[in-house]
Amino acid sequence: MNILLTGGAGYIASHTLISLLESGYGAVTLDNYSNSSPEALRRVKQLTGMEFKAVEGDAQDRELLVRIIRENNIEGIIHFAGFKAVGESVEKPLMYYRNNLTSTISVIEAMLETGVRNLIFSSSATVYAGDNLMPLTESARRECINPYGWTKYMSEQIIRDAAKAHPELSCVLLRYFNPVGAHPSGLIGEDPSGIPNNLMPYICQTAVGIRDHLTVFGNDYNTPDGTGVRDYLHVCDLAEGHVKALAYALTRSGCDAVNLGTGTGYSVLDMVNAFERVNGVKVPYVIGPRRAGDLDECYADPAKAEKLLGWKAKRGINEMVCDAWNWQKKNPKGYKD
Ligand code: NAD
Ligand code: UD1
């Protein structure tokens, strides 16, 4: 069975591609490489020893999607394509709304035109409002504080409405918590452009000497050590979650939102300390002011993923920091090396 991965060369998609190929699916990737490199796909081929088609193009292009689906007998789509930088979305909201929403609409239109029924969508824990109690269940109140978040919220709504109007569709909205780490081979990993916004790539770039120190954004949060608590999740666990979600989608119809997280929260200092201990390297840091929009803590109730998809995260914090460092060490400049 052939699956189309929009944004297929990206960080999470490239890991998912490995899991799909290893589970016996055929795959086609569509990416405009706006935030990725075709080198990631070359390395997936090297790692798996398997072939797949890689198309360069825009996921907003409905006719291109229809052509790819027809030419390759696509039976399911995992829609990863989108812009994801929160700060940039505040500066360029229309660019975010156009890319992230138009691509979602085009994917659904192409599915309806060709009879593809199964859709897995990359949503985010960012759709949850800041005033919920932890852990977050899928029914927690949703509200966003930046355009990036709203594109996920609105895409979810668009997919939900389409599934209601077209009952043959089977859609799973995967709400990722904080994906980190890399494939244990060190061949593929996260390759942020410019200065990383997220914690783990910043820790890695500090440890390798690209940045001279990490700034911890606030130590006066209502958490055990005062620094922000998040639900970090190994990207290989997340990749396996997509394969499970696809298997689930193939057996039913409708639309479900599912959290993908571990259910365990770690603070910024927990992550720094684990990174130093496991990898035997120093991560110099200073305490700075809070970052606007950050919460004290955010972690998942992952029970629905286990019940519905039979998925549970298997990898712990040591594997997360070990594999993140292995990738960074071997590829200090990411795919540019
Ligand atoms: P990524 O930037 O590495 O991957 C996205 C890919 O989509 C990139 O390869 C990019 O070139 C491609 N792309 C963007 N717009 C496109 C378009 N119009 N047509 C074709 N390709 C396009 O990001 P990622 O971290 O792998 O995230 C994948 C998805 O998961 C995104 O939708 C993101 O918003 C979502 N997500 C990510 C996180 C995270 O922490 N990384 C958390 C929650 C949700
Ligand atoms: C951020 C985004 C969120 C997005 C998620 C995954 C914001 C406000 N939120 O969430 O919308 O879905 O990434 O892409 O940008 N930290 C530091 N120093 C750093 C970087 C981070 O102390 O240099 C801290 C943060 O304050 C936070 C934790 O590390 O407590 C994790 O930060 P990050 O990796 O950016 O993830 P989120 O804040 O969960």
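Student: Which residues are linked in a network of salt bridges?
Tutor: R142, E156, R160 and R175 are. A salt bridge here is a side-chain nitrogen of Lys or Arg within 4 Å of a carboxyl oxygen of Asp or Glu. The model is predicted, so local features need pLDDT of at least 70 and side-chain atom pairs count only at pLDDT 80 or more, while totals for chains, interfaces and linings use all residues; side-chain values use heavy atoms, with hydrogens and water left out. Residues are numbered from 1 along each chain as its sequence is written, and chains are lettered from A and ligands numbered from 1 in the order in which they are written.

Student: How far apart are the closest N and O atoms of E156 and R160?
Tutor: They are 3.2 Å apart. Both residues lie in helix α6, 4 residues apart, which is about one turn of the helix. Helices (H or I, at least four residues) and strands (E, at least two) are DSSP runs, numbered from the N terminus.

Student: Is E156 buried or exposed?
Tutor: E156 counts as buried, at 0% relative accessibility. R160 is partly exposed, at 22%. Buried means under 20% relative accessible area, exposed over 50%, and partly exposed in between, with a 1.4 Å probe and protein chains only.

Student: How many salt bridges does a search of the whole structure find?
Tutor: It finds 20. One of them joins E276 and K282, at 3.8 Å from N to O. E276 is buried, with a relative accessible area of 18%, whereas K282 is exposed at 65%.

Student: What does R141 form a salt bridge with?
Tutor: With E143, the closest N and O atoms being 3.6 Å apart. R141 is partly exposed at 39%, and E143 is partly exposed at 39%.

Student: Changing topic: which residues come nearest to ligand 1?
Tutor: D31, N35, S36, N99 and Y148, out of 26 residues around the ligand. To be near, a residue must have a heavy atom within 4 Å of the molecule or strand.

Student: What polar side-chain distance does S36 have to ligand 1?
Tutor: A polar side-chain atom of S36 is 2.7 Å from an oxygen atom of ligand 1. A polar contact is a pair of N or O atoms within 3.5 Å; within protein, one must be able to donate a hydrogen and the other to accept it, and residues adjacent in sequence count only if both atoms are side-chain atoms. The backbone takes part too: a polar backbone atom of I12 lies 2.8 Å from a ligand 1 oxygen, and a backbone N or O atom of G10 lies 3.3 Å from one.

Student: How much of ligand 1 does the protein cover?
Tutor: It covers 95% of the 820 Å² of accessible area that ligand 1 has on its own. Such areas come from the Shrake-Rupley method with a 1.4 Å probe, and for residues only the protein chains shown count as cover.

Student: Where does the largest share of the shell around ligand 1 come from?
Tutor: From β5, with 3 residues.

Student: And ligand 2, which residues are closest?
Tutor: T215, F217, R230, R291 and D294, among 18 that surround ligand 2. Strand β8 (residues 214-217) gives the largest share of that shell, 4 residues.

Student: Which polar side-chain atoms lie 2.9 Å from an oxygen atom of ligand 2?
Tutor: One belongs to N178 and another to N198. Taken alone, ligand 2 exposes 740 Å², and the protein buries 88% of that.
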